[in-house]
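Subject: Structure for your review

Dear colleague,

Please find below the sequence and the structure I promised to hand over. My findings follow directly after them.

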Amino acid sequence: MKPLAWWLASAALVLAGVVLLLTTRPDPPGDGWFAYAPLDPQTDWVMGWDDTVSADGTFLSTWQLVGLGLAALGLVLLAARAGYARGRRAGAAQR
């Protein structure tokens, strides 16, 4: 594969991953089911953190995770190609 094709393919992967991440909607938070009785808020014992669930909590959807994976793969390929090009240049200078 030609060097320009590596750069373009890697950049396209990064771009596709970012677009996929930004254009897909996160999964709505699900209603959890717990098999214990909630603690009485009037007790003297306090858990130390707020155990209420936020209604606006966001989770990543499957397609957003795929977008993150594509972007990460593209960045790894860009870094590998840059390292290869730098190594070839350094080797040619020593000859």
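Glycine 17 is a residue of helix H1. The model is a predicted one, and every value below is computed from it. With a relative accessible area of 1%, glycine 17 falls under the 20% limit and therefore counts as buried. Leaving aside residues up to four places away in sequence, glycine 17 touches Gly67, Leu70 and Ala71. A further distance concerns leucine 65, which stands 48 residues from glycine 17 along the chain; the C-alpha atoms of the two are separated by 9.0 Å.

Is serine 61 buried or exposed? Its relative accessibility is 5%, under the 20% limit, so serine 61 is buried. A polar atom of the serine 61 side chain lies 3.4 Å from the backbone oxygen of arginine 25.

As for the protein as a whole, its secondary structure consists of two helices and zero strands. The protein has 95 residues, and 9% of them count as buried; glycine 17 and serine 61 are both buried. Considering contacts between residues at least 6 apart in sequence, 94% join residues at least 24 apart. The accessible surface of the protein is about 8,100 Å², and carbon and sulfur atoms account for 66% of that area.

Yours sincerely

Technical notes
Residues are numbered from 1 along each chain as its sequence is written. This is a predicted model: local features need pLDDT of at least 70, side-chain atom pairs count only at pLDDT 80 or more; totals for chains, interfaces and linings use all residues. Side-chain values use heavy atoms; hydrogens and water are left out. Buried means under 20% relative accessible area, exposed over 50%, partly exposed in between (1.4 Å probe, protein chains only). A polar contact is a pair of N or O atoms within 3.5 Å; within protein, one must be able to donate a hydrogen and the other to accept it, and residues adjacent in sequence count only if both atoms are side-chain atoms. Helices (H or I, at least four residues) and strands (E, at least two) are DSSP runs, numbered from the N terminus. Contact means heavy atoms within 4.5 Å. Accessible areas come from the Shrake-Rupley method with a 1.4 Å probe; for residues, only the protein chains shown count as cover.
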